[in-house]
Amino acid sequence: MDKVKNIIDKLNNTGSLEKNEYEYIIKNYSDKDFHYAKELSKKKRFEYYGNKVYIRALIEISNFCKNNCLYCGLRRDNRTCSRYRLTKEQILSCCKESYELGFRTFVMQGGEDAYFTDDIMCDIIHDIKKTYTDCAVTLSLGERSKESYKKLFDAGADRYLLRHETADKTHYMKLHPKEMSFEKRMNCLNDLKETGYQVGCGFMVGSPYQTPKTLSEDLKFIETFSPHMCGIGPFIPHHATPFKDDVAGSVELTLFLISVIRLIKPNILLPATTALGSLESDGRERGIAAGANVIMPNVSPMSERKKYEIYDNKAFSGNESALEIENIKKEIAAIGYEIVTDRGDMRKEV
Ligand code: 5AD
Ligand code: SF4
């Protein structure tokens, strides 16, 4: 009778399920099961992180991209996208402002922009790490060679986010043009790990052609790859992409999966993503309540912020970063959590 609950108990006790068990709970979870998973996830999260929420300063350094992912508004075939890239000075000034606001992690995120060569990136990373010795640098710049990952790591980068998008090869091929490959994505993730980065993977919830079965592959992948971080957020259509008429992913399912991922890997760093906050005004808080422990406010220059339009109606804060962080602190405090000034590294497993 309580089959879903029994499976969730098993996950809570062992951190592992068979693929068909993941598929079963995704297909059959009830409202009651949702709350049960959420409560267990909350307990696990408290064991490692208490009520602390880590913040990362998200700097969107370029919206140029050589790729043509079918879901993304930054794809190269989107001629209506107004392209920009930040200068080194702009990036350093974002870091300065963020540091003063209490951020101790800077995330440099961008499309696959050939302008940001290894030399240019290493120079920027080096300067940031020299100035802010108590900070972590996270990169999210897509697929690069192992040599490139190594150079950026040696220059001081600590973490790298590269969403796997889907752990099912056939599904991957439906989301990407044929020049992109599932094997390459998986190789990049392995290269990043071998290089010594703290690595983040992730996927969209409700992307076109996704099924409970492909999601069960994602969850099994998280179990076996054991990333330090995992970013998940609902798919949201963008008007200038082939998926413009597809429906957005479900906030409820995203929250349920956040709880499930927390049970798989209790010490994982899980962001309450912008996509979650874009579909519902309290999406981010609900993400934290479901087991997420990271928030990544956008600190990019106000003049460019609207241009990083991966999907339609992306949550945009017209607030200066100082006001934005005050608002987030209040929202988070209202649900019993606390934003901290900390690098926010992953806790060791006990
Ligand atoms: N909806 C939600 N998330 C998206 N991403 C790209 N396009 C969309 C979309 N339409 C996510 C992908 C990618 C990251 C940059 O943003 O997972 O890795
Ligand atoms: Fe480029 Fe990333 Fe968008 Fe793909 S998802 S088009 S790689 S920015």
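Tutor: A nitrogen atom of ligand 1 lies 3.0 Å from a polar backbone atom of Tyr71, a polar contact being a pair of N or O atoms within 3.5 Å; within protein, one must be able to donate a hydrogen and the other to accept it, and residues adjacent in sequence count only if both atoms are side-chain atoms. A nitrogen atom of ligand 1 is also 2.6 Å from a polar backbone atom of Ile236, while an oxygen atom of ligand 1 has a polar side-chain atom of Glu165 at 2.5 Å. Of the 400 Å² of accessible area that ligand 1 has on its own, the protein covers 84% (Shrake-Rupley method, 1.4 Å probe).

This is a predicted model, in which local features need pLDDT of at least 70 and side-chain atom pairs count only at pLDDT 80 or more, whereas totals for chains, interfaces and linings use all residues. Residues are numbered from 1 along each chain as its sequence is written, chains are lettered from A and ligands numbered from 1 in the order in which they are written, and side-chain values use heavy atoms, with hydrogens and water left out.

The residues surrounding ligand 1 (a heavy atom within 4 Å) are Tyr71, Cys72, Arg163, Glu165, Met204, Pro234, Phe235, Ile236, Ile310 and Tyr311. This shell divides into eight nonpolar, no polar and two charged residues, where Ala, Val, Leu, Ile, Met, Phe, Trp, Tyr, Cys and Pro count as nonpolar, Asp, Glu, Lys and Arg as charged, and the others, Gly among them, as polar.
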